[in-house]
Amino acid sequence: MDWAASDLGERDLYKLLVNTVLPRPIALVTTIDEKGRANAAPFSFFNVFSHAPPLVVLGIEGRGGATPLKDTMRNIRETGSFVVNLVDRTMVAAMQVCAIDFPSEIDEIAAAGLDTAAGAKVAAPRLAASPVQLECRETVSLSLGTRHRNLVVGEIVHLHIRDDIVDERLHVDIDKLDLVGRLHGADWYLGLGDRFQEPRRTLDGWRQRERAPIPKGEVS
Ligand SMILES: Cc1cc2nc3c(=O)[nH]c(=O)nc-3n(C[C@H](O)[C@H](O)[C@H](O)COP(=O)(O)O)c2cc1C
């Protein structure tokens, strides 16, 4: 089947996109408001966008009614910074508590039973349980589409990776990292269990193979 995107309603676009573009990494984003109150919420319209400069992107939807911005977006506007805390398997239940639509005055980090640590460069706290915490300064936020949707671009200004996960040569042990990604539907997630390796080809290697085709059935 195929569709012009403009023929699909908002709900159908959401259904088709979040159930096909997957898995998506999850940022449990911590921020503070102008009074210094901390907030945490998960976002899977998220990715690292480039390494030089080191940028992340977040897609933050609006919410209707009297408070059109999610607390995370409002806090980023107020303070210009945030922390991306990557989510491992041990943090999934706490992450779901942070996704509850709490009123702003409720401390969802405490409700989720998560401990915090001070940021090195930004005012927002880090989540101590997270294996990778990226302190970010907002570079630009674009208000796109309807209903106060925002695309936030943030520059990573400080990285924290748990000591047992990375060594002095910057080799990362992804088994110890044990991150989860978001799958389809509202509630499906996956771990890093199913992996395979496919070596990158070079032009020379490809030319050699073209001259001597691989016999049928041979595994390269
Ligand atoms: C795994 C997961 C991923 C989510 N991803 C997004 C997202 O990318 N964008 C978004 O606007 N909301 C997303 N949400 C919903 C927000 O986390 C939720 O609206 C939250 O209450 C916002 O909190 P805040 O008002 O404290 O910012 C996600 C929820 C879950 C559980």
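Two strands pair if DSSP finds at least two bridges between them. Strands (E, at least two residues) and helices (H or I, at least four) are DSSP runs, numbered from the N terminus. By these rules, β6 and β9 run antiparallel and are joined by 5 bridges.

This is a predicted model: local features need pLDDT of at least 70, side-chain atom pairs count only at pLDDT 80 or more, and totals for chains, interfaces and linings use all residues. Residues are numbered from 1 along each chain as its sequence is written, and side-chain values use heavy atoms, leaving out hydrogens and water.

**The sheet**
- Seven strands form an open sheet in the order β3-β2-β6-β9-β10-β5-β4, with antiparallel pairing.
- At the edges stand β3 (38–43) and β4 (46–51), each pairing on one side only.

**Strand partners**
- Strand β2 (residues 27–32) runs antiparallel to β6 (residues 81–86), and 4 bridges join them.
- T30 has V83 in β6 as its bridge partner.
- N85 has its bridge partner, Q133, in β9.
- Q133 also stands opposite H160 in β10.

**The hairpin**
- β9 and β10 pair in the antiparallel sense over 12 bridges.
- They form a hairpin with 4 residues between them.
- In the turn, G145 has a positive phi of about 70°.

**Residue I174**
- I174 lies in helix α5 (residues 174–177).
- I174 counts as partly exposed because its relative accessibility is 36%; buried means under 20%, exposed over 50%, and partly exposed in between (1.4 Å probe, protein chains only).
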